[in-house]
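The questions below concern how the parts of one protein model are arranged and how they touch.

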Amino acid sequence: MYINGQWIETGATFESLNPADGSVVGTVQDGGAEQARQAVTAAQEAFAGWAGSTAYQRSALLERVYQLMLERRQPLAELLTREQGKPLKAARGEVAAAADAVRWCAEEAKRVYGETIPSARSNHRFIVNRHPVGVAAAITPWNFPISMVTRKLAPALAAGCTAVLKPAEATPLCARALFEIFDEAGFPPGVVNLVTARDPGPVGEVFCTDRRVRKLSFTGSTAVGKHLASACAPQLKRLSLELGGHAPFIVFEDADPVQAAKGLGLLKFANSGQTCISPNRIFVHRAVMQPFMEALSQRMAKLRVGNGLEDGINLGPLINRAAVEKVQAQVEDALGKGAELKQGGEVLDEGNLGRGHFYAPTLLAGIDPDMRIYREETFGPVAPILAFDDEEQVLAMANDTDYGLAAYCYTRDLGRAMRMFEGLEFGMVGINDIDPTAAAAPFGGVKESGLGREGGREGIQEYLETRVGGFAIG
Ligand code: ADP
């Protein structure tokens with residue numbers, strides 16, 4: 001753990017395991033409420049100095065973090081693959097994206113502008129300033145254990161907030177490796193703090209109830225997000241929540257079905273399906289169903305499952321046994337209710353795979369709304385396909401979810417593209433595009449997918465308060 005510029009030990013530790021083979025990747029300190037409070041104290045004491053530093057000073061330190069992350073891209077990526085499982089190429093991509101978020105915030109720190117507002121009174125002026133919220137707490141998930149951390153800490157630090165992070169218990173080593181970089185970059189003590197814990201409850205409780213914490217940013221499941229939101233409610237603590245998703249992926253009859261299948265194949269199996277923007281309901285117009293399915297099956301047949309450190313692997317393990325069981329239960333439920341298994345549909349446990357948590361890339365056709373997979377997030381390598389006949393029907397079905405994070409649509413009709421962009425009730429919409437995300441673009445959802453945005457200008461606003469000054473000038 002890293003508190004007030006020091007690496008500290010509690011005596012208790014826990015292990016981080018490799019999901020590809022069950023081996024121990026490393027050991028970290030096991031913290032609780034006491035360490036969380038210590039970290040908040042350090043962050044609170046450092047706040048005035050950090051908030052009072054210039055944006056140029058904060059920017060320079062973040063720039064240094066960016067440089068160090070790039071220098072360590074390969075070892076960070078290898079650690080990420082060992083601890084989380086994604087193939088090495090994807091891990092290198094995550095480290096680059098995570099570093100890019102830091103650089104973007106280093107640049108944007110200098111552009112946190114205020115404004116003046118014309119007053120109706122001639123002897124009066126209005127000035128609007130942006131102030132850092134105060135101590136910001138962050139809780140991050142295991143699916144992107146490097147980029148989720150920088151996506152929260154970089155804007156917080158750029159805005160002038162001090163921060164305390166609790167990373168997911170499955171991936172604490174990635175967070176620790178990033179904090180080695182923060183330490184080396186030379187942030188003043190207490191500005192950025194790390195509390196690792198096997199049990200997230202007590203640390204989360206401190207973040208929600210300690211009045212010195214002014215802001216909580218959480219990425220994870222909708223259930224935990226709601227729990228944290230209610231725990232923060234008595235103090236009306238500011239919240240950013242990036243929660244679950246259930247993305248529709250729509251292929252119209254005017255789209256190129258082979259191109260759409262390529263996009264789906266890349267998107268659905270990225271991170272073994274363990275992303276909140278992964279397509280969970282794939283709506284294909286009946287007229288292009290056959291060529292789409294053919295192209296998709298061909299791509300899926302080429303996916304190689306295994307340890308992400310090995311050459312040529314495209315699909316790594318799921319994070320743990322419970323994840324495999326959840327995927328298997330959803331597939332069985334769908335098959336029991338009449339879905340058609342086109343490919344996969346099984347736990348992979350032959351030979352070396354048996355030591356890890358692998359699930360076969362799976363293609364299901366004939367999905368309908370009373371199957372669990374139609375409503376529940378899968379977080380696994382399963383592509384559930386539905387046929388549709390017209391635009392109005394598919395838009396209604398796509399929006400028929402409590403989630404509202406990402407949606408995708410393939411069409412070559414410009415009017416239809418615009419109608420879908422405007423009609424889909426989701427925070428991010430990809431039109432013939434599987435990656436509507438970037439450090440400069442706002443990431444986040446509507447409905448039960450969350451509150452607030454990460455990335456872009458809006459990502460920094462999440463850590464700022466607006467203050468208006470009225471000046472009577474005589
Ligand atoms: P997942 O189901 O994807 O693991 P979670 O929402 O359980 O998603 O985990 C996301 C993050 O939330 C992790 O850092 C985890 O430790 C944390 N978390 C889980 N439960 C709690 C809780 N009760 N209080 C605070 N943090 C929690």
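Q: How far apart do the C-alpha centres of domain 1 and domain 2 lie?
A: This is a predicted model, in which local features need pLDDT of at least 70 and side-chain atom pairs count only at pLDDT 80 or more, while totals for chains, interfaces and linings use all residues. Residues are numbered from 1 along each chain as its sequence is written, and side-chain values use heavy atoms, with hydrogens and water left out. Domain 1 covers 2-244 + 447-472 and domain 2 covers 247-402 + 406-431, with bounds from an automatic or database domain assignment. Their C-alpha centres are separated by 31 Å.

Q: Which three residues of domain 1 supply 28% of the area that domain 1 buries against domain 2?
A: The contact (heavy atoms within 4.5 Å) involves 23 residues from domain 1 and 26 residues from domain 2. Buried area is the accessible area (1.4 Å probe) that two parts lose on being put together, summed over both; here it is about 1900 Å², with 59% from carbon and sulfur atoms. The 28% share, more than any other three residues give, comes from Pro 19, Trp 142 and Lys 447.

Q: Which residue meets the side chain of Lys 447 in a salt bridge?
A: A salt bridge requires a side-chain nitrogen of Lys or Arg within 4 Å of a carboxyl oxygen of Asp or Glu. Between domain 1 and domain 2 the count is one salt bridge. For Lys 447, the N to O distance is 3.5 Å and the partner is Glu 425.

Q: Which helix gives the most residues to the side of domain 1 that touches domain 2?
A: Helices (H or I, at least four residues) and strands (E, at least two) are DSSP runs, numbered from the N terminus. With five residues, the element that gives the most to this side of domain 1 is helix α3 (residues 73-84).

Q: Is Ser 278 buried or exposed?
A: Ser 278 sits in the loop between α9 (257-269) and β13 (279-285). Beyond its neighbours within four places in sequence, Ser 278 contacts Ala 247, Leu 267, Lys 268 and Gly 273. Buried means under 20% relative accessible area, exposed over 50%, partly exposed in between (1.4 Å probe, protein chains only). At a relative accessible area of 1%, Ser 278 is buried.

Q: Is Gln 290 buried or exposed?
A: Gln 290 belongs to helix α10 (residues 289-301). Because its relative accessible area is 54%, Gln 290 is exposed.
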